[in-house]
4 protein chains.
Amino acid sequence: MAAKVTAMARETILLHGHIIDSLLLPKVLDLILQFGGMFELADIRIGKTRQETSSARIIVTADSPEKLSEILAEVQAHGATIEAPSDCAWQPAPADGVLPADFYATTNLPTEVRLRSRWVAVSGIEMDLGIRLDLDNPDRPPAAMVPMAEVRKGDPIVVGRDGIRVIPVERPAKLDVFGFMESVVSPERPHRHVIADVARRMQALRDGAGKVLMAGGPAIIHGGGRDALTWLIESGFIHVLFCGNALAAHDMEAHLYGTSLGFRLESGSTARHGHEHHLRTINRIRTIGSIEEAVRSGVITSGIMAACVRQQVNVVMAGTIRDDGPLPGVITDSIKAQAAMRAAVQGVGLAVLVASTLHAVATGNLLPASVPTVCVDINPAVPTKLADRGSFQAASVVMDAASFLREVAVELGWKK
Amino acid sequence: MAAKVTAMARETILLHGHIIDSLLLPKVLDLILQFGGMFELADIRIGKTRQETSSARIIVTADSPEKLSEILAEVQAHGATIEAPSDCAWQPAPADGVLPADFYATTNLPTEVRLRSRWVAVSGIEMDLGIRLDLDNPDRPPAAMVPMAEVRKGDPIVVGRDGIRVIPVERPAKLDVFGFMESVVSPERPHRHVIADVARRMQALRDGAGKVLMAGGPAIIHGGGRDALTWLIESGFIHVLFCGNALAAHDMEAHLYGTSLGFRLESGSTARHGHEHHLRTINRIRTIGSIEEAVRSGVITSGIMAACVRQQVNVVMAGTIRDDGPLPGVITDSIKAQAAMRAAVQGVGLAVLVASTLHAVATGNLLPASVPTVCVDINPAVPTKLADRGSFQAASVVMDAASFLREVAVELGWKK
Amino acid sequence: MAAKVTAMARETILLHGHIIDSLLLPKVLDLILQFGGMFELADIRIGKTRQETSSARIIVTADSPEKLSEILAEVQAHGATIEAPSDCAWQPAPADGVLPADFYATTNLPTEVRLRSRWVAVSGIEMDLGIRLDLDNPDRPPAAMVPMAEVRKGDPIVVGRDGIRVIPVERPAKLDVFGFMESVVSPERPHRHVIADVARRMQALRDGAGKVLMAGGPAIIHGGGRDALTWLIESGFIHVLFCGNALAAHDMEAHLYGTSLGFRLESGSTARHGHEHHLRTINRIRTIGSIEEAVRSGVITSGIMAACVRQQVNVVMAGTIRDDGPLPGVITDSIKAQAAMRAAVQGVGLAVLVASTLHAVATGNLLPASVPTVCVDINPAVPTKLADRGSFQAASVVMDAASFLREVAVELGWKK
Amino acid sequence: MAAKVTAMARETILLHGHIIDSLLLPKVLDLILQFGGMFELADIRIGKTRQETSSARIIVTADSPEKLSEILAEVQAHGATIEAPSDCAWQPAPADGVLPADFYATTNLPTEVRLRSRWVAVSGIEMDLGIRLDLDNPDRPPAAMVPMAEVRKGDPIVVGRDGIRVIPVERPAKLDVFGFMESVVSPERPHRHVIADVARRMQALRDGAGKVLMAGGPAIIHGGGRDALTWLIESGFIHVLFCGNALAAHDMEAHLYGTSLGFRLESGSTARHGHEHHLRTINRIRTIGSIEEAVRSGVITSGIMAACVRQQVNVVMAGTIRDDGPLPGVITDSIKAQAAMRAAVQGVGLAVLVASTLHAVATGNLLPASVPTVCVDINPAVPTKLADRGSFQAASVVMDAASFLREVAVELGWKK
């Protein structure tokens, strides 16, 4: 028996924060058992109020060092720290665009690495990246998340799981829709309060010089949400717009021809040669040279793109293989488009993802978990897909894009 | 060869009406070929304007009387008539609730039967019924559609396809959304104009003492459409309401508890014991004895059911196996509920089917094709299902119920 | 201050079982805080293995007896018991079909009531019912769940929340798909293992004389799953079938005409007068008098209904307002149909709900949480709806009904 | 009156082909009226059999040349030709990537332009492009469709609508699922026959050295269709594969880790750190340098990508902004990816678009209407979207990708 005990691997882990109401403690205990370990609750202090934090000290044992390290790796991903941790380890990137085999893959949670026995925050929070160290340059963050494609040969990349910890997002003190993230996506849930919360946050961000990001698909135009979104932009509620060629083309088609995808927006009937309208629109803008010039020269005077030019909204248009044209300004290379989007999400305080699976998932991938995010789609599978890919912070609304935008705009004072 | 020619069966059919723009002529010619026949265009006159009708006389031949009769049966269903037709044939119903084997199955189009060498309109237009004759009683319609379950032994029931014709629904002179029935259900079509058309028709029907039917599901309440629908009813725009136990229960739950299916309508959060609210609501109304009494006695003072009682809306509540309770007034027998719905659709000038697959299909089954119908659902499969079952006259809107009702109400003057 | 303390209401609650891995403990602590109370962990013992149970003794305080009783009510619903509880209270039902205002509303979890200082199991577990006591008749269960509509004036009905406890469903020792109930419904999850688990359970239940319930909609026929389901029935894998008029009618239409809803099942093309086929089928069976007789007399020899008759499957067909006919045997009254379904679910060891929102929700309402349930639908909203209504035990598969049935059948040895 | 007549603009148009059963004639007549013109049927000859073609000579009049030219433009798009047409007109492209303002926008139908008084076929049929002439080089086609982005300044581009005609796709002699293109997308239609037809065509194309194109999304892997698709490729049934980074990454993740998006394909349960698996897979392939080398060197030995390498399938992987990595071989520039796809569709005899909205629409945009196409998705909105964008030739199947592929493979002889 004694021999067995000495053969056991053992480590002490610490949990602190809102480990009870965030369900962390039982989750961690369960994981230990699930992966074949055992635990002893060395110490547990449970906060008596919502404000007080709780903490637990847990001794974990397993019958092999390999199993223990598996368990530690697992629980660490949930915010457990190992007592007296070592510095994080790193290896040089073996080639341009390639991470070391054992690279640490990031989450969208705030993350710290242990460098020279101190915890250091990693900058540029984004899921599914590596962590690059830059120890010698005091002007740059010592640790930053880096996309695989941007790694250069020799870059010091964090590997393994030691000396790394992630900080769970705390439940906000003042509860709103993003605090009560109902996990189930359902068209049967009331959504008025989500609209009200989104409007409230947009108002607060405008007042406080914060930034709102909208990512949208062309159904905004097809379904009749163009006026409302234009008003939101003109009124200063939107500061960053992610879209594709289609939204911009159909927006300007609506100005030039009164149609979207060839359907008359007023009557819903098919316009003569309507299927050509978006092509002629794109060709016209290509002739002029840019959307900005088309707006400045008075060719495009109404709608979303005109409002964006006037309000100096940061528009990132990303290309796809289904594009006609595309319009000038569309970034056809997806890696370059990602980089532009990554730059544009800095400082965003609310993300509203409307009627575009592609942009919703792509934007969700880029956003830290701390950014309140709402995903609006008529198809409940889209918010589910977002959650499947790790964007758990997103509240979801199952409704059509145009109605959503109209109701948000009315909430903020739009007189249609 | 000659023998073969003489063996050919031959019949002359007539087509008239808007056979060009309704695509009837080519459809009929194609059917003749498709079922192995041949045709000769004996005469064709094509209207030179939209108002003028066209007509065609077509000699149909087939190599057996059986095949010919198949072809005639087929084209007759599309409005072709056989020259100099015989009277319709009939047989007595063999038992209560049973039609003769060869009974004529009705469509939802205006239909005439030939009796004593005269065409007589069949009353009570509804798809999938039989036709019962009543020749001896001058006070009653000589021919009426009859549900299978209501047939009594010995009733004279029309059989075969001779002496029967259906009249295609004409394209309306003034085109609106119901004139341009776009066949494809798509969330990508603009729907503002449908909302505008629905509102316009509701206004006209109220002004002209016509009737509007709404059939709705509980998602109206869950999604936040209760206020808007209440306003529409209070303002006299709705005259018949088809719903189930759930819509009524959650409407009154909203009054008594501020929740729907246990979610707080204002905040979207889960109420304590919220799942019990609809049960307690139902039990309370059962204690009182009826919804009418609950409204009159001041227990229920707001919402859809209160508005219906005050405005004397004809409410038909049909039961299903998923009901709790049910509420007093719910017709638990489906055949009796159908009969009540059948009586209530008489004189309806617009049908609005919102967020209930069951009620949309059931109501679609009962309505003549001449009643403009709009089907609103967040799931595009529901309008498709309606069309699959023969309700081709329905315009469809893919959006959430609450937004639809709110936008219709605003269009009609609602100040929310 | 002291006065305030003495004014505090206080009660001790007990939690035991798998309160850590089932997340009960933190849930309960959080609820106490959420509803304005405070707690002290008087005692906590955490099991060191998955087999060992844990327990906690928690002192709950609140600043008014009302608030405390709210909190106790809340946590009791999660399995917390109050130390030294009193007997449950009851009141006589005030009228036929009406429960006392304060009736206890049941969940689908095993439930006990305290009678004469002993915990007594309540029979007939089903959500959203009342509990009727029957203390004087030793032949009947002393406490049983009762639907509102079946209550008779004067029946003793349990009221309040004292002396009642629910037992959480335990995680099964051998994990399968029903143990890992992934909460999120997603078409992006693999479903092969669910199919394999369903097949394995069907095999085990057949071998062990257990019962499998299938509830299905007509899309089984339309989509091409008729052969597979027939084989499953013929092979003895299905013992109870819940369906509506449509599934039975289209199944027999397929036998008589080779079509379903008028589409040829072999070619997918529209059959001539195909829309009449289901009507003629229904009329024919009505002529014969019953499905059983149609099978016995050789009119219907293939398909689902024939297999059910031959294998003596307990078929409950419930009517709805969208039914044509209906077929003999359809229970048109929804309350009677519920009663028949309630009787039929007794002893069921697996419920498979396929392609019918109505039957899925209705059956989910009737089943105890302990019955493994799988909900299959091409529309992810259906399993979500089931979960919204409290049937959390259901695993979900987003796929078409026909493919699901074919794959289950192949897994069990079907050679198509 | 006479003055009015002389003021009328007048032109004679010709229609020929299957103008009756293709509904062309009434469509054209209706359009003339709809756009304010009048017509006289100068001559009409209707084919007496399905093989015989029909023809019509129609005199069109309108009260202004502008209106007439509108009408002619409209009916010409439906295949009507103007008697004694002039040559087509052209203008030089005003700049690189820009078409003349009045450019003719192509459809996906076979198209001819009139050059030097002769009709000349336009090569490279694809919708939404321009037509570039090349009269002086006998080695190149005199007229070819050209994407906007590939136009060079000065290229002669066809403008207006004179001297251009499109040839409607004829109904195939032997009817199969692609001949009976049912317009309505419905999950309630049987799909066994579509699967059978797809299998039959795949067999015929393999036997006849034709080419099958598959475009697919990652749900193929998530849902369990990897084995079936691998078998189809290994057996020589697939010759061109369009996909994105995700399908390839999850396919190889399945080989290396047994998971897809972190879910274990065998058990459906979450794998430890499963969300990192696709990242590690991508990084590993980037380390190796290419998918081909990963297969050749034995790192990847099973699955779709391995089969493609072995069978020399023409794989085009297109990048999007939601990609991690991406994998080597992914074309990140969307215009370059389109060009690669455009080259790869040449000679394709069947297109199967599975579970990818983006790839389905993008591929639909590139394909001539004459290529039989089937679109498979669990969401009925996807085939609808395809039809909304002009890909009317596509048959649709609403089912999950994995089941579809498994059933096609079984039909072709797969023993799973």
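Reader: Which residues does Ile304(A) touch, not counting residues up to four places away in sequence?

Author: Happy to start there, and keep in mind that this is a predicted model. Contact here means heavy atoms within 4.5 Å. With residues up to four places away in sequence left out, the partners of Ile304(A) are Ile220(A), Ile221(A), Arg226(A), Leu229(A), Thr230(A), Ile233(A), Leu241(A), Leu247(A) and Asp251(A).

Reader: Which residues touch the most other members of the largest nonpolar core?

Author: That core has 65 residues. Helix α4 (residues 192-207) of chain A gives the most to this core, with 6 residues. The members that touch the most others are Ile304(A) and Phe404(A).

Reader: How many residues does chain C bring to its contact with chain B, and how large is the buried area?

Author: Chain C and chain B each bring 57 residues to the contact. Carbon and sulfur atoms give 53% of the area buried between the two chains. That area comes to about 5,000 Å².

Reader: Which residues of chain C lose the most area to chain B?

Author: Look at three residues that together make up 17% of what the chain C side buries. They are Arg272(C), Ile321(C) and Arg322(C).

Notes. Residues are numbered from 1 along each chain as its sequence is written. Chains are lettered from A and ligands numbered from 1 in the order in which they are written. This is a predicted model: local features need pLDDT of at least 70, side-chain atom pairs count only at pLDDT 80 or more; totals for chains, interfaces and linings use all residues. Side-chain values use heavy atoms; hydrogens and water are left out. A nonpolar core is a set of buried Ala, Val, Leu, Ile, Met, Phe, Trp, Tyr and Cys residues joined through side-chain atoms within 4.5 Å. Buried means under 20% relative accessible area, exposed over 50%, partly exposed in between (1.4 Å probe, protein chains only). Helices (H or I, at least four residues) and strands (E, at least two) are DSSP runs, numbered from the N terminus. Buried area is the accessible area (1.4 Å probe) that two parts lose on being put together, summed over both.
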